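This report covers helix packing, a sheet, domains and a chain contact. Please look over the model before reading on.

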Amino acid sequence: MRRFHTLIFWMVATSLAATAQSQSPAPAQSSTDEKAAMDQRLRDLEDRIVMLEGEIRQLKAQGSQPAAGTTPAPGAQPTSTPETTAQQAAAPASQPDNVRLGGAGSAASKALNPDVSVIGDFIAGAGHNSINPTPSFQMHESEVGLQAIIDPYARGDFFLSFGEEGVNLEEGFITFTALPAGFVAKAGKIRAAFGKVNTLHNHVLPWADRPLVTQNLVGGEDGINDAGFSVQHIIPAPKNWFLEFTGQTFRGDSADVFTSSRKNDVSVVGHLRTYKDLSDSTNIDMGASYSRGHSLFGSDFVTHLYGVDATFRWKPLQRAIYHSFVARSEFIWRQQDQPNINLACGTIDCPAFVRSGFQRAFGFYASADYQFARRWFVGGRVDQSDRPFDASLTDKGGSFVLTYWPSEFAQVRGQYRFTRYAQNFDAHEAFIQLQFALGAHGAHPF
Amino acid sequence: MKLSSKLFGAILSVTLIATLLLPSSAEAKKLKVIATLSDLASLTQEVGGDKVEVEALAKGYQDPHFVEPKPSFLLKLRNADLLVLVGLELEIGWLPPLITQSGNGKIQPGGQGYLDASQFAQILEIPQGSVTRAEGDVHPMGNPHYWLDPDNGRRMAKGIAARLSEMDPPDQAYFQQREQDFEKRLAEADKKWLAQMAPYRGRKVVTYHRSWPNFAKHFGLDVIAYIEPRPGIPPTPSHTIELVNQMKRENVKLELIEPYFDSKTPNSIASMTNGKVVVLMPSVGGKPEITDYFKLFDYDIALLTKAFEETK
């Protein structure tokens, strides 16, 4: 159908252009008005050709011509030409007349393929750490991202994390983007909105590892990451404050944080985020989080997590690609009641350090990262965290990080990490991390 | 334990109730338009007049590839009737998550409130054949800096006016009349700009990034090389030496750079070639005096013609 339109257009265009040519040299008496009208017609023609090119571009981007035999909807308006983003291409319901049911050709089906990206994370480590040992070399993670618009009302995102020995669905969820009253809802497996670090994938962290408090109290690398649903909403606030509430309910299984022994053992997460632009270049981002779920000791034992986070950013707009500064801190409290472990640990696998009774563990990290050149970042982090199952044990540490970006799609990072474990053991470790991205351009982290 | 659950439930309930009780902003008469760049905002303002309320997300002196997706932008997007964007993956690093998180169904891709202006414009440098990132941060669908051509400005204004008319049919005549008026004024201004640039048609220049192909085509400049070895890759010493030799060989004196790039390398190239660095503004608002699409070209052409005169 589009080919037919194209043919018609070119016929019209050619004839008009020919008319224009035949008229222009002829009459010496042609008035200024006629010339202006002629110019206008030529300009209109040129514009229509450009619009047509835009349409062809769109078709090329989709990788195919529309399926043969499609019929425009009766009374379809000759509205604006299709949008040109790949995301738009994946929104079939917006152009129902182009949809063919019952097996599209291979090219047409490619047009609906999701954006695909792969992010590799290779880490080499040196130093001795008997408590949290890391291998000398590891292909730490290969994250495959598959993202597309599902229909006019939702989009889908999948992140498959390939380790050296297995595959894990890091996240896989549908986001409903067109709900009434400004709500945004997600369902699937989601990184919980607890604090900042828990929401971030490895490749957007400014370090090669995760802070001690995350390792000890919030489930380590996997974090609170579970199947469930999430609802978020921006709450109107005065003076240009951004205020957003997120409420989430999960099955209740997340690393060593929550364990669901029964169907009713769901966990919940609530997060209140507030943000304010202090100036064009600086902003502050604060949050308070709460989570509750059942512990590995059974349905009668509940774990509570409380967190506050604050981030200060500076990025001079005109030199945004050369200089920036981010300071961030999270304070986390974890409270859980534990049974008599002499009895309990005979029936379940208990962690290495565990004691009976109520445990109130606290931990925090504070970090700062400064970009001093277009490709260079330097940063540091201070860590401290109690152990969750024996809050009398406290680990402390710190890191120094230097990152180099050969391009926007690759980075090399060196990190020195010192950890003083509660058992009076000091670990001095060094890491070199290489990260590289293939495929679709992802969004920059914020 | 119970107290925490109750507290959590209470916060959730209060939030939901407060949200639902708040009055809708649907009674607002003006169409709320958010443009990703100030240039698109300016064009929308030209054709929308007092029937629209327009705001841009990025500043005119900011690199549009690297805008931060700040939550404060969500406050603007959540109530927008129309989102106008450059497209061609210029905003891919920051706009998609904002659209998703906005909670605004109208501006989702495919909706009536989502307008990719690239569909109306003449796009240059569309890669042929296979595209890889060995060529740098290439835009597979063509160069997105297309607004720097008054002809494209006219086409985009027409496209925006058409969309505003679809969204607000009673004011269709108003939008069309304003668009025609804008077209007329732009044609007159373009005549003046072309006349100012006429003596320098065919002059060779170097640019930092591939931001100026449409501008160069319209005004007859010949961009022979770039300070970046590849799009998005900072200058390297070897490439800089090659560039200096090429500029000397071809007697090129002018380097055109954007305000968001470091001028250290361009300045050292200029000192080696006895040339000049000109900081052109790629967008409306790049300087306080560049308040609209007309003044953008006024500013850049004044700078360029002066620089050409000085480097004769």
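How are H2(B) and H5(B) set to each other: roughly parallel or oblique? H2(B) and H5(B) are oblique. Angles under 35 degrees count as roughly parallel, over 145 as roughly antiparallel, 65 to 115 as roughly perpendicular and the rest as oblique.

The model is predicted: local features need pLDDT of at least 70, side-chain atom pairs count only at pLDDT 80 or more, and totals for chains, interfaces and linings use all residues. Residues are numbered from 1 along each chain as its sequence is written, while chains are lettered from A and ligands numbered from 1 in the order in which they are written.

Helices (H or I, at least four residues) and strands (E, at least two) are DSSP runs, numbered from the N terminus. Axes are lines fitted to C-alpha atoms, for helices over the stretch in contact, and angles run from 0 to 180 degrees between N-to-C directions.

| Helix pair | Angle | Axis distance |
|---|---|---|
| H2(B) (38-48) and H5(B) (150-167) | about 60° | 9 Å apart |
| H5(B) and H6(B) (172-197) | roughly 175° | within 9 Å |

The second pair is roughly antiparallel: H5(B) against H6(B). H2(B) passes H5(B) in a right-handed crossing. A crossing is right-handed if the near helix is turned clockwise from the far one by less than a right angle, and left-handed if anticlockwise.

Contact here requires C-beta atoms, placed from the backbone, within 7 Å. In H2(B), Leu43(B), Thr44(B), Glu46(B), Val47(B) and Gly48(B) take part. Their partners in H5(B) include Gly153(B), Met156(B) and Ala157(B). This contact of H2(B) with H5(B) has 7 nonpolar, 3 polar and 1 charged residues. Ala, Val, Leu, Ile, Met, Phe, Trp, Tyr, Cys and Pro count as nonpolar, Asp, Glu, Lys and Arg as charged, and the others, Gly among them, as polar.

H5(B) meets H6(B) through residues including Pro150(B), Gly153(B) and Arg154(B). Among those that H6(B) contributes are Phe175(B), Phe182(B) and Asp190(B). The classes in the contact of H5(B) with H6(B) are 7 nonpolar, 4 polar and 5 charged.

**Sheet in chain B**

An open sheet of 4 strands runs S6-S5-S7-S8 in chain B, with parallel pairing. Strands pair if DSSP finds at least two bridges between them. S6 (222-226) and S8 (276-279) of chain B have a single partner strand each, so one side of each lacks a neighbour in the sheet. The twist averages 35° from one strand to the next. S7 (254-257) of chain B and S8(B) share 4 bridges in the parallel sense. Glu255(B) is opposite Val277(B) of S8(B).

**Domains**

Domain bounds come from an automatic or database domain assignment. Chain B has domain 1 (31-191) and domain 2 (199-310). Their C-alpha centres are 25 Å apart. Domain 1 of chain B gives 27 residues to the contact and domain 2 of chain B gives 25 residues. H2(B) gives the most to the domain 1 side, with 5 residues. That side has 9 nonpolar, 9 polar and 9 charged residues.

Chain A is divided into domain 1 (1-9 + 44-62) and domain 2 (123-135 + 208-439). The C-alpha centres of these chain A domains lie 51 Å apart.

**Contact between the chains**

Chain A gives 62 residues and chain B gives 64 residues. H2(A) supplies the largest share of the chain A side, 8 residues. The chain A side divides into 26 nonpolar, 23 polar and 13 charged residues.

Definitions and conventions. Two residues are in contact if their C-beta atoms, placed from the backbone, lie within 7 Å.
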